Each structure stands twice: as C-alpha cells, then as structure tokens.
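User: I am new to reading protein models. Please show me how to read a few features, one at a time.

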Amino acid sequence: MGAADLSAVLDIAGRVHPAYPEDAAVFAERLRLHPPGCLVLVRQGRLAGYAIGHPWRAGRPPALNSLLGTLPPAPDTYYLHDLALLPEARGSGAASAFIEVLLACAWEAKLAQLSLVAVNHSASFWQRHGFRAVEDVALQEQLRTYDSAACMMVRPLR
C-alpha cells in the first residue's frame, strides 16, 4: 500500500464495513507507522481489497476509529486491524494470501501470535484460518464498542 492508495482503501472500507466507519487519518497513520503490514490487492488495474496489521500489545486491541500515536516499544502480538475484499475478489484466495503475509510480518518481528477483533459474526471465517476465540471478561466492555458479537481472537505462530 502506498499513500496514493489511501482514497481507494477508504472507499473499500466504506463499502465492505459500513457499520464500522473509520476516518482517513486512521488508515494514513497505520501506513505511516508500519508500512510492511499495509497490503493491497490489485485486480484488473484497480484496488479490490486491503489488509492492515501492525505490532501491538496482546489483549489490548485499539478502539475502533482511533489513532495509535506510536507503536508500543515492546509489542507481544501482531494485530490484524482490518482485512476487506470487494465481492469480486472473495473466494480468490486473497484473504489467505493476506493472512500469510501478515503471519510472515509477525514472524519477522519475532512475535508469538497474531490477534484481531472479529466483528459482524466473522469468527467462523477466522477459525478456518487458525484463530481461536479468547474469553477475557476485562475486554467485554471494549469489544461491545465494535458490536454485540465482537470477540477477541488469537492465532499462535508456533
């Protein structure tokens, strides 16, 4: 992903995740803070999807539509912030490819896991990709700010 892709990424986000709006500044900051974790899928000359991940702290997912400021000095998870594919890109293997690249980023950063907040009843999708739900009572209030079905999920690397 490059800066020139941000308007298309924002458009895809709005189309794929209309119930989870995020400002352009959120996407720009993630790209500035961790370019290796900002990926795009180009099909027939236009963006058809994206994925964003970055080093973070386990059990402390960033709030939706929030700026991070900086990445933590001692991260212990690789946080998958978002993965979005337009309908024409679904079923193409792109989601698996994005996840593999983010796993490699986590491995390179010497982190032991990937983590994410599954929203919109997507937990079964993430389970098929090796993630498991983490029950943490302390997180329940924060997860409800995403949606009533949101759950924290983790995929160990080892």
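**Strands, burial and core**

Analyst: Val42 has Leu47 as its bridge partner in strand E2. Strands (E, at least two residues) and helices (H or I, at least four) are DSSP runs, numbered from the N terminus. The model is predicted: local features need pLDDT of at least 70, side-chain atom pairs count only at pLDDT 80 or more, and totals for chains, interfaces and linings use all residues. Residues are numbered from 1 along each chain as its sequence is written, and side-chain values use heavy atoms, with hydrogens and water left out.

User: In what sense do E1 and E2 pair?

Analyst: Two strands pair if DSSP finds at least two bridges between them. E1 and E2 are antiparallel, with six bridges. Their hairpin has two residues between the strands, and Gln44 there takes a positive phi near 50°. E2 also runs antiparallel to E3, joined by eight bridges. In E3, Asp82 is the bridge partner of Ile52.

User: Is Arg30 buried or exposed?

Analyst: Buried means under 20% relative accessible area, exposed over 50%, partly exposed in between (1.4 Å probe, protein chains only). Arg30 counts as buried because its relative accessibility is 2%. Arg30 lies in helix H2, residues 24–33. In E2, ten of the eleven residues are buried.

User: Which residues have the most contacts inside the largest nonpolar core?

Analyst: A nonpolar core is a set of buried Ala, Val, Leu, Ile, Met, Phe, Trp, Tyr and Cys residues joined through side-chain atoms within 4.5 Å. The largest one here has 26 residues, and Leu83, Leu85, Leu114 and Trp126 have the most contacts inside it. H3 gives the largest share, eight residues.
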